[in-house]
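Let's take a walk through this model, with an eye on its charged side chains. Have the viewer open as you read.

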Amino acid sequence: MINLEVSTSLEEISKIPFWNYEEEILKSETAGDSNMNVVLRITTNQRSVILKQSKTYVNKYPQIPAPLSRIEVEHAFYQHVQKHPVLKNFSPKVLAYRSDDHLLMTEDLGKGKDFSDLYRGESTMESATISKLVDYMNALHELEIKDFPDNREMKLLNHEHIFNFPFSLENGFDLDSVQIGLQELSLKYKSNTALKRKIDELGRKYLSQGETLLHGDFYPGSWLKSDSGIKIIDPEFGFLGDPEFDLGVLFAHLNLSLQPSSLKAEFLHSYNQPISPELLDQYQGVEILRRLIGIAQLPVRMTLDQKEKLMDQAVNLILG
Ligand SMILES: Nc1ncnc2c1ncn2[C@@H]1O[C@H](COP(=O)(O)OP(=O)(O)OP(=O)(O)O)[C@@H](O)[C@H]1O
Ligand SMILES: [Mg+2]
C-alpha cells in the first residue's frame with residue numbers, strides 16, 4: 001500500500017504499478033489548491049498525469065476524519081461521464097485506479113486556474129461560460145444511472161456543514177475572525193426557529209436517495225480553465241439526488257460572486273430537466289447561508305451590510 005504525500009520520493013512513486021514500459025518519473029509536485037486529498041502532478045519522460053489519493057482524514061486537517069471511499073465515488077463518477085459524448089469532453093480521462101490504495105490516476109488537464117477569482121466580484125461571468133455549464137448540467141442530469149455508490153458518509157459530512165453546523169448557536173466558530181460583526185449578525189439566522197425547521201427538513205431531503213446523478217459540489221472551485229475549454233473536476237460528493245441541489249449550489253455561488261441575476265435566467269432558459277423552482281430556491285438559500293456563516297468560507301469581498309442583505313434574501317428563498 002503506497003501512502004502518497006507531497007514529500008513521497010520519485011523512487012517510491014515509480015513503484016506504483018501504473019507506469020508504462022520505460023516510463024521514468026521526472027518530477028512530482030502538488031497539482032493545485034486542495035484540502036481534502038493528496039493531489040499530485042507527476043511528470044514522466046512520456047506524459048504528465050494527476051494522482052489523487054483519499055485518506056481516512058481531511059489531508060489539510062488530519063484531526064478531522066473523512067471517508068476513504070470518496071475516491072471510489074470520484075472514480076465511479078468519471079467512469080459514467082466518460083461514456084457520454086458531451087460529458088467526456090468536460091472531464092479528465094481515468095488512466096488507472098487501485099481501489100485498495102484509494103488511488104486514482106487521471107489525465108492532466110494542464111495548469112489552468114479554477115474560477116475562484118469570480119468571488120472578487122470584479123468580473124461578470126461570460127455568457128459562453130454559463131452556456132457550457134448548462135450543457136454540462138443538462139447532459140449529466142439526463143443520464144440514466146441505476147447503480148452508483150450511495151456516498152452516504154460524504155453526504156453526512158456535507159450535511160453537517162450545510163444544514164447543521166452553520167445554524168448551531170454554540171458551534172465554537174468565531175465568525176468575527178472572518179469579519180468583525182459577522183458573529184453577531186449570524187445570531188439573527190441561528191435564532192430563527194422557522195428557518196431552522198425548514199432547513200432541517202431540507203437536510204433530510206438532501207440525505208434521501210434520488211434518481212439523478214449529481215456532481216454534488218458544483219461551484220467555481222470545481223471548474224477548471226483549460227486550453228480546451230472549461231472542465232469539471234472533483235466529483236467526490238457525487239450521488240443520486242435532487243437535480244435542484246446542483247443548480248441551487250451553482251445559483252448560490254452566482255450570488256456570492258455578485259453576478260447579475262440575468263445569468264440565472266439564461267441558465268434556466270437552456271436547462272431542460274424538470275425541476276421544482278421552490279426546491280431550487282431552498283437549496284440555493286441554504287448554500288448562501290452556509291458559505292457566509294459556516295466553516296467553508298470563500299474569498300468573497302462583501303461588506304457586512306451586503307452579507308446581511310444577501311442572507312435575508314436567502315431566508316426568503318428558503319421560507320418562500
Ligand atoms: N485532472 C486535473 N488536471 C489538472 N489539474 C488538476 C486535475 N485534478 C486536479 N487538479 C488541480 O488540483 C487541485 C486539487 O484537485 P481536487 O479539487 O480534485 O482536490 P481535492 O483534494 O478534492 O480538493 P478540495 O479540498 O478543494 O475538495 C485542483 O484545484 C486543480 O488545480
Ligand atoms: Mg474535493
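Predicted model: local features only at pLDDT ≥ 70, side-chain atom pairs only at ≥ 80, totals over all residues.

Residues are numbered from 1 along each chain as its sequence is written, and side-chain values use heavy atoms, without hydrogens or water.

UniProt, in an unreviewed entry, lists residues 38-271 as "domain: Aminoglycoside phosphotransferase"; such annotations may be inferred rather than shown by experiment. The magnesium ion (ligand 2) is coordinated by Asp 234 and Glu 236 at 2.0 to 2.6 Å, where donors are N, O and S atoms within 2.8 Å of the metal (3.2 Å for Na, K and Ca).

Now for the pairs. The count comes to 18 salt bridges, each a side-chain nitrogen of Lys or Arg within 4 Å of a carboxyl oxygen of Asp or Glu. In one of them, Arg 47 meets Glu 23 with the closest N and O atoms 2.7 Å apart. Arg 47 is partly exposed at 23%, whereas Glu 23 is buried at 11%.

Glu 244 is buried yet has no salt bridge, and Lys 205, the nearest side chain of opposite charge, is 6.3 Å away. Still, a polar atom of the Glu 244 side chain lies 2.7 Å from the backbone nitrogen of Ser 276.

Notes. Chains lettered and ligands numbered in written order. Buried < 20%, exposed > 50% of the residue type's maximum accessible area, 1.4 Å probe, protein only. Lys, Arg positive; Asp, Glu negative; His and termini not counted. Polar contact = N/O pair within 3.5 Å; in protein donor to acceptor, adjacent residues only side chain to side chain.
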